Amino acid sequence: MSAGLDPHRAAEVITPAARGSGYLVADGVVLTAAHVVVGSAAVKVRFDADQPTEWIADAVPAWSDSALDTAVLRITSPAQRRRRNTDTAAESGPAARTRPATNVPQSADPDEPEPPADPFEPDGPEPGGRVRCEPVRYGRIVRPPVPCETLGFPLFKMRYDPGGASTYRDSEHAVGTATSWSNMRESTVELRVGAPERNPSPRRSPWEGMSGAAVFSGDVLIGMVGEHHRTDGPGTLAAYRVDAWYSRLSADRLGELANLIGLPPRPAGLAEVAPEAAAWPVPPLRQLPADTSAFTNRDRELATLLGLLDDGAAPMIAAIDGMGGIGKTALAVRAAHELAASFPDRHLFLELHGYTAGLRPREPAEALAWVLQSLGVPPQRIPAELDARAALYRDRLANGRNLIVLDNAASEAQIRQLLPAAPGSLVLITSRRRLRALDDAIPISLDLLPTPDAATLFRRVAGRARFPADDPLLPEVAALCGHLPLAVRIAAALSRHRPAWTLGHLVDRLRAETAFSDEERSLTTVFDLSYDALRPDQRRLYRRLGLVPGPDADKYAAAALLDADPAEAERWLQNLVDHNLLAEPAPGRYEFHDLLRAHARAHAAEDDPPEDRAESERRLLSYYQEAAQHADRHLTRYTTAYRPRADRPHRHLPPLDTREEADAWFRHELPNLTAAARHFPAHAAALAAGLNGYLRVHGPWSEAVGLHTAAAEAARGQGDRAGQATALTNLGTARRLTGDHAGAAHILDQALVLFSELGDEQGRANALDNLAAVHWRSGRYPDAVHVYAAALELCIRLRDARGQASALTGLGVALELTGEYHRAEDAHRRALAIYRDLDDRRGQAAVLAGLGIVLRGLSNHPAAISTLTEAATLAAALQDRQGQAIALVNLGATHRMAGDPAAAEPILRHALALFEEVGYGKGQAHALTHLSHVHRLTGDLAEAIAAARQATAGYTAIADYGGEAQARIALAHALAATGTSAEAEREYTDALRLARQVSSPRDETESLAGLANLRRGL
């Protein structure tokens, strides 16, 4: 036990309605959980409550905040000593470590009510007075995870004392680590502790009673255990952070709390807690490109990089600078491979395009989005703001040893947000300029290769047997290549592929091309000589690849550029790789070095007529457009009339016959497609339309907002009103997914105006379907019914089966929410029949979930359970975790409504875990609302209140008024069951107002019934 956590100051807090834990933080002052003491005028606190002799005192609440579940008790009576029968009571608390246990008592039945009164016989008052102690130190976690410990009195430590015919609780000293939550509990930290060996009651959390226990890291109090143990599983506790008090409380309330418990008045006064070491097991991530066997010299620089392991600084950063072609990336990759074993958790490689011809440098926000997705963050959980993305990135890298290569950086500003903050990481940066503003980075500047090293590199690539080490022409070759590694490698590859060339012949060719000897000219000379040695078809491909707007290409893009067969194009690509003019960092993906890209573009501008270049670009863009539209068939939910024909229909497309193939193609081509949309405004609308389905599913949604905004503006500038309307529709969807419901509705209204002016009924139907979804998600259910019905009418007239199914599914949901169950059932069954005709299993899974909810509303619980089980099973088979969670949360709710809360609870827990995994906040709130009802029915009122409060906060954050009404009803039910009538009445009243606002007769009726029951005293 640490010097900070004193077991004699840990208190059991007892009221007539609940038991919890607390901690003596100052003279006569106990910190505890608000839900333990809510509504209680008098409280008893016990110290050493699990020992043969304990101290008991009376206390009253002096301060409380229900949102932070924090309360302060002031002790009002002298502490009295009480003695338990030591012949029958076992000791398992702090003192038990020094005294042997005797006659372990029987475990008590936790489902029997525990007596709130003192179960011990008095042995007379102990002389004394106030309970006194030294004030504690408060702190905050600056770099999670940190070691932590807490001591409290949970349910699973309840014991029965046969000698005194009473129950008591032993203390539990829980030790583990504390880290940040990644879900909506922004004021808490997660405590990963050992799960209890036994759970005395399957209907109650084993940690019940731990709420209010102080959490220490070292000698610093960092938080207090909250009321989430029921939903977080047996191995996890959640604690409200001390530093959150400063942002969540008003200045007056914070001042009151600080005066009571000795809290520093400002957060700067908190002690900072950081881990001594961070080595968490995480899924491996391996992104380093292949090392090169031709790496030569750089021994001193490589030794400096390898020596960073001995530094001990955290994080370790090295910035490698030098001119283009000097070998910066080769050095970084070689060092990364040699250091990889010391960084077992993650190896990240990020190309930043700081000096890539034709490509803009990668924006920090874009780079962070890509890295976060690589780290497994779902698109829903990638924040829109740059600072928030950077914070999440640093949090994800906090637990482990990470090796990060940031290649081709343009400036310090581009990479500053990509630097981790926690110890255990090594960052290698390459740039053409010296990054002087990175104060913590070790600078490594690369110079030209010395002649002997350049000669060694040439012989390794060209073949050692062909050219002896003492050949007198090797120094001249090195000089003619400017002593640049890139030029030396290309000249050597040229010699390797020209067996008839002697070294003298190569020197003569290089001399003939060289007018002066600066490094830039030397590179151009070598590039030109290698280029001239290619066959005409290879030279043509080399020039055409310089026209690619994105970072790389595959054989299909190359075939489009040349109007050739993909197999033939792949052979030419491999020839360019053999000549060191092209790299293949991943199988089938080809990319230029920045200098070679610029060289290829220069030759294209010089050697090819403008009309030839334009024709190649049109074929490439047509290929991108056709392939994207073809792949989008597996991802889109709508039939769209905006399918502009490609300028040059392409003969060869990659296999895109399954959803998996479509996903993989989009994943590889996304940077090329977005770059093409930026570079060629005339094609932006078509490309963005093809990308819409993929971005809707995979995100990042903030990037989708930017793409569709640019596409709409580009289409408007081109006079393409159909493209503009389609882009606005897709932009409305993206804004809805980011939670901007008001912005989404405004944009979709603009799209509807354009489609109406164009007479495009298919476009109007799609925009109406999206607008109805905005109304539904915003809790405007009657508006949703009206707009879905309008979309359905158009789709029927258009004979658009997929559109009909989508509109019917949404209409069924909206009708159910307004209480029109029979109409809702009819809509869902019609949608299900269409999706079965279309063999759309994802659509079937979604409709089955909605139909199950309707059947539950009709009180047909057996049919509802069967239907929802089918929906969950189908979604799981499709690996649709969010769809599975939606079906499960409603299946659990149905079991609860059918009178089986015991069956409901594990299903709802599973749903909550899935929602948290995919980052769907509304789903989490929905699951918590139903869990609140389950806890209330099983007698766990504190947990019922906690879950309902969490759900209310979740719905409020996304402005879902219908969901908030349901959560407040659950909260009011739980409060009423505890006898807290005044607060329950407020919650019922708020729920009634919200139910009327969204026109939900079901919730209005339940709110009115709750108010009536309160007034009758039921």
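Let me start with one term: a residue is called buried when its relative accessible area is under 20%. Keep that in mind as we go through this chain, and please remember that we are looking at a predicted model.

Four of its five residues are buried, so β4 is largely enclosed by the rest of the structure. And what does β4 pair with? Its partner is strand β1, residues 10–14, and the two run in the antiparallel sense over four bridges. If you want to find the spot on your screens, look for Ala11, which stands opposite Phe47 in β4.

Now let's step back to the whole chain. How many helices and strands are there? The chain has 37 helices and 26 strands. Of its 1018 residues, 58% count as buried. Then there are the contacts between residues at least 6 apart in sequence: 68% of them join residues at least 24 apart.

One buried residue I'd like to show you is Arg389. You'll find Arg389 in helix α8, residues 386–396. Buried or exposed? Arg389 has a relative accessible area of 1%, so this arginine is buried. Leaving out residues up to four places away in sequence, what does Arg389 touch? The list includes Ala365, Glu366, Leu368, Ala369 and Leu372. Ile382, Pro383 and Ala384 are also among the residues Arg389 touches, and so are Ser702 and Glu703.

On to the helices, friends. Two packed helices are described by the angle between their axes and the distance between the axes. So let's do that for a few pairs.

Take helix α23, residues 721–737, and helix α24, residues 741–758. Their axes come within 8 Å and cross at roughly 160°. The two helices are therefore roughly antiparallel to each other, and α23 passes α24 in a left-handed crossing. On the α23 side, the contact residues include Arg721, Ala725, Leu728 and Leu731, while those of α24 include His741, Ile747, Leu754 and Phe755. By class, this contact has eleven nonpolar, seven polar and four charged residues.

Further along we meet helix α28, residues 821–837, whose axis comes within 9 Å of that of α29, with a crossing of roughly 160°. That is over the 145 degrees needed to count as roughly antiparallel, and so α28 and α29 are roughly antiparallel to each other. Their crossing is left-handed. Sorted by class, we get ten nonpolar, five polar and three charged residues.

Helix α29, residues 841–857, also packs against helix α30, residues 861–877, at an angle of about 155° and with the axes 8 Å apart. That makes α29 roughly antiparallel to α30, and here, too, the crossing is left-handed. Which residues make this contact? Among them are Gln844, Leu848, Leu851 and Leu855 of α29, together with Ala864, Leu868, Ala871 and Leu874 of α30. The contact of α29 with α30 has 13 nonpolar, four polar and three charged residues.

Methods:
Residues numbered from 1 in each chain as written. Predicted model: local features only at pLDDT ≥ 70, side-chain atom pairs only at ≥ 80, totals over all residues. Heavy atoms only, no water. Axes fitted to C-alpha atoms, helices over the stretch in contact; angles between N-to-C directions. Parallel < 35°, antiparallel > 145°, perpendicular 65-115°, else oblique. Left-handed = near helix turned anticlockwise from the far one by under 90°. Contact = heavy atoms within 4.5 Å. Nonpolar A, V, L, I, M, F, W, Y, C, P; charged D, E, K, R; others polar. Buried < 20%, exposed > 50% of the residue type's maximum accessible area, 1.4 Å probe, protein only. Pairing = 2+ DSSP bridges.
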